[in-house]
Amino acid sequence: MTHPTASPRTAAPSAAERAYRHLKRAILEQVYPGGSLISEGEIAEAAGVSRTPVREALLRLEAEGLVALYPKRGALIRPVSAREIADVIEARRLVELHAAERVWPRRAELRADLARWLTEMRQAHAAGDVTALMAADRAFHATVVEAAGNEILAELYHRLRDRQVRMGEASFRLSPGWAEVVLTEHAGQLAALDGDDPQAWLDAVGAHIDNAATVLRTLR
């Protein structure tokens, strides 16, 4: 008699992985803003684990440049530097403007995808859900990059995700009115895709990145 093969179970994350995910999310979502000093005990209690896995998690986050460790004191959440902002904005301009130029011939299909993300952004904003707003905003931008069809550039862009999420959360939470500006500018990009002027589309994409850079610099 044969028995049905049991479906494989997804292994539960280890305590160190749970601590890592908890702390990284808290850093990216500005629960622990740049410049905060947090103790291992504080993290362990919040993540529901012991201090040993917290130490493992902190070492991973230190390697990623998100924290600096101080023995017997805790972990300092590294502030976003002016250089990091400038580097991220430069990388975004290079990738996003190149992608925007490439996708113009397929703009009808792209517009439909972007319209769905803009709807999600508006719903999140109306609900006061900054994290969901940020996720939909990042997806809006990533959709343009991925539609260009260059997998290497798309991978490079996704490597910027953690830095962009952290900066984006700060701009949405700390800059009054920025969310409304973002929604308006994304709507302007959709309007440009409805037209027949590729330069107007590129100008809308570039202006949005430049405005984001201005906001980020004022938050430092």
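Q: Which domains give at least three residues each to the lining of the largest pocket?
A: Domain 1 (15-77) and domain 2 (82-218) each do, with bounds from an automatic or database domain assignment. This is a predicted model, where local features need pLDDT of at least 70, side-chain atom pairs need 80 or more, and totals for chains, interfaces and linings use all residues. Numbering runs from 1 along each chain as its sequence is written, and side-chain values use heavy atoms, without hydrogens and water.

Q: How much space lies in that pocket?
A: About 320 Å³, as filled by probe spheres set on grid points joined across faces, edges and corners. A pocket is an open set of points on a 1 Å grid over the protein atoms alone where a 1.4 Å probe fits, with protein on both sides within 12 Å along at least five of seven lines; lining residues have an atom within 4 Å of a point.

Q: Changing topic, what is the strand order in the open sheet?
A: E1-E3-E2, with antiparallel pairing (at least two DSSP bridges per pair). E1 (37-38) and E2 (67-70) are the edge strands, each pairing on one side only.

Q: Over how many bridges do E1 and E3 pair?
A: E1 and E3 (74-77) pair over 2 bridges, and Ile38 has Ala75 in E3 as its bridge partner.

Methods
Helix = DSSP H or I, 4+ residues; strand = E, 2+ residues; numbered from the N terminus.
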